[in-house]
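Hi there,

Here is the structure I promised to pass on.

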Amino acid sequence: MAAEEVAGPRATDARRVVLVTGANSGIGLALCERILSEDNQIHLCMACRNMQKAEAAKSELQLSHPGADISLLKIDVGNINSVIQAAQEIRQRYQHVDYLYLNAGIMLNPHFSLKAFLSSLLSRKVFTMFQTGEGLLTQEDWLTDDGLQQVFMTNVFGHFLLIRNLEPVLGQAGCTSQVVWTSSSNARKSAFNLTDYQHSQGQESYSSSKYATDLLNVGLNKHYNSKGLFSSVVCPGLVLTNLTYGIFPPVLWTLITPIMWLIRVFMNSFTLSPYNGTEALVWLFTQKPESLDPMVKYLSCTSGFGNNYVTSCKMDVDVETAEIFYQELLKLEGKMKEKSDVTGDHS
Ligand SMILES: NC(=O)C1=CN([C@@H]2O[C@H](COP(=O)(O)OP(=O)(O)OC[C@H]3O[C@@H](n4cnc5c(N)ncnc54)[C@H](OP(=O)(O)O)[C@@H]3O)[C@@H](O)[C@H]2O)C=CC1
Ligand SMILES: CC(C)CCC[C@@H](C)[C@H]1CC[C@H]2C3=C(CC[C@]12C)[C@@]1(C)CCC(=O)[C@@H](C)[C@@H]1CC3
């Protein structure tokens, strides 16, 4: 491993540590860029699964922020062993992680329903449809090597395991840590089922995983606030990234961009650029975590004139369901640990 990769703030170092998963592209990369502009004294750790892409992203950031203190970390949040190894590496590198942006996420092979789009267009649901994408998309999903649903593992459980394995460096006495999840307004209660929380049965694994994220946020705050760890969820709005290029090819998005600018006059959720989409994530960086409301989602918004701002909306989650789900995740964690102990898989 390169020397610069192991170098990180030590006990005597006052620099705040900011770790971003999925930092090499889209919203994650724009977030890194904006946080460095906000505070060039931080230590930024870009946690990515592909080190070639990570190196390229780091070089890009160092061009715009010469002298920025950036390190790379290899993590595949879709793989249990990779998460455990990455957490171990983080615990060795840092005494304390101040901000943990859980941003890596996937939507597998989305299918767009033109029929549902046209019928919503002519109904009263049109605003909700543009804001949440409700009813327009179905996706595929498959199993990981660990035998879990890929979307659930990547968007939810891998990050949950990361938090659990980072406990010693998160939220110490007099020194809080903030966890920020990139969730979505596409999170929908009706897509989520406590008895099938991995969403192995349906075709809306993305909606389900983002609803699971919102529930988990509530559970984490309940269990960790007293230890100085605070969790928040954000929706960046509709942003054109590799994720949305899986719905339509880039050329088609480019062709409909003027229409989307027009829609933005009525819909503040069409943030469109990764820079705009990170507004709420960057805003959270400047907030006292104790002042945040665990029951709301913070939304990045862009006006018709292109001005960015942050709003919030109450989430459709209840504390009891959040607690049951939290306990289910703890059980699953125990089960996966037991399995790796039995198979002796400690790689
Ligand atoms: N774009 C949008 O409109 C919206 C996006 N979001 C959320 O924003 C987040 C970022 O997505 P976005 O920037 O749009 O899309 P991108 O595809 O551009 O970014 C996703 C990032 O996550 C990384 N990633 C994916 N799977 C893994 C994995 N198993 N381990 C580690 N990293 C992984 C990707 O790495 P790699 O490059 O190697 O694939 C990439 O860096 C996601 O959580 C998404 O759900 C929420 C609302 C709207
Ligand atoms: C604007 C065009 C004329 C038509 C575009 C129709 C749809 C492809 C989009 C309308 C609302 C969009 C949307 C998303 C994807 C693309 C749409 C369905 C998301 C589901 C993407 C991922 C997210 O996390 C959500 C926040 C988006 C919500 C809106």
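**What I found**

Of the 347 residues in the chain, 45% are buried (a residue is buried if 20 or more other C-beta atoms lie within 10 Å of its own, exposed if 12 or fewer, and partly exposed in between, with C-beta atoms placed from the backbone). Please keep in mind that this is a predicted model, in which local features need pLDDT of at least 70 and side-chain atom pairs count only at pLDDT 80 or more, while totals for chains, interfaces and linings use all residues. Residues are numbered from 1 along each chain as its sequence is written, and chains are lettered from A and ligands numbered from 1 in the order in which they are written.

**Overall build**

The chain holds 13 helices and 10 strands (DSSP runs numbered from the N terminus: H or I of at least four residues for helices, E of at least two for strands). Its C-alpha trace spans about 60 × 50 × 40 Å along the principal axes. Among contacts in the chain with a separation of 6 or more, 75% are between residues 24 or more positions apart (two residues are in contact if their C-beta atoms, placed from the backbone, lie within 7 Å).

**Some covered strands**

Let's start with β1, residues 17-21, where five of the five residues are buried. Val-17, Leu-19 and Thr-21 lie on one side and Val-18 and Val-20 on the other, and both faces are covered. As background, side chains in a regular strand alternate between the two faces of the sheet.

β1 runs parallel to β2 (residues 43-48), and five bridges join them (two strands pair if DSSP finds at least two bridges between them). Val-20 has Met-46 of β2 as its bridge partner. Together with helix α2 (residues 26-38), β1 and β2 make a right-handed β-α-β unit (right-handed means that, with the strands pointing away from the viewer, the path from the first strand over the helix to the second runs clockwise). β1 also pairs with β4 (residues 99-102), again in the parallel sense, over three bridges. There, Val-18 has Tyr-99 as its bridge partner.

β7 is largely enclosed by the rest of the structure, because six of its six residues are buried. Ser-177, Val-179 and Trp-181 point one way, while Gln-178, Val-180 and Thr-182 point the other way. Six bridges then link β7 to β8 (residues 229-235), also in parallel, and Ser-177 stands opposite Leu-229. With α8 between them in the list, β7, α8 and β8 make a right-handed β-α-β unit.

**The two ligands**

Which residues come nearest to ligand 1? They are Gly-22, Gly-26, Gly-78, Gly-105 and Thr-241, out of 30 residues around the ligand (near means a C-beta atom, placed from the backbone, within 6 Å). By class, this shell has 11 nonpolar, 16 polar and three charged residues (Ala, Val, Leu, Ile, Met, Phe, Trp, Tyr, Cys and Pro count as nonpolar, Asp, Glu, Lys and Arg as charged, and the others, Gly among them, as polar). The largest share, three residues, comes from α2.

Ligand 2 has 18 residues around it, and Gly-133, Leu-136, Ser-184, Asn-186 and Leu-238 come nearest. The elements giving two or more residues to this shell are α6 (126-132) and α10, and α10 gives the most, with three. The shell has 12 nonpolar and six polar residues, and no charged ones.

**A few loop residues**

His-199 has a phi near 60°, a positive value in a residue other than glycine.

Leu-272 is not a glycine either, and its phi is positive at about 65°. It belongs to the loop between α10 and α11 and counts as buried, because it has 21 C-beta neighbours inside 10 Å. Ser-273 is in the loop between α10 (257-264) and α11 (274-277), and with 16 C-beta neighbours inside 10 Å it counts as partly exposed.

Best wishes
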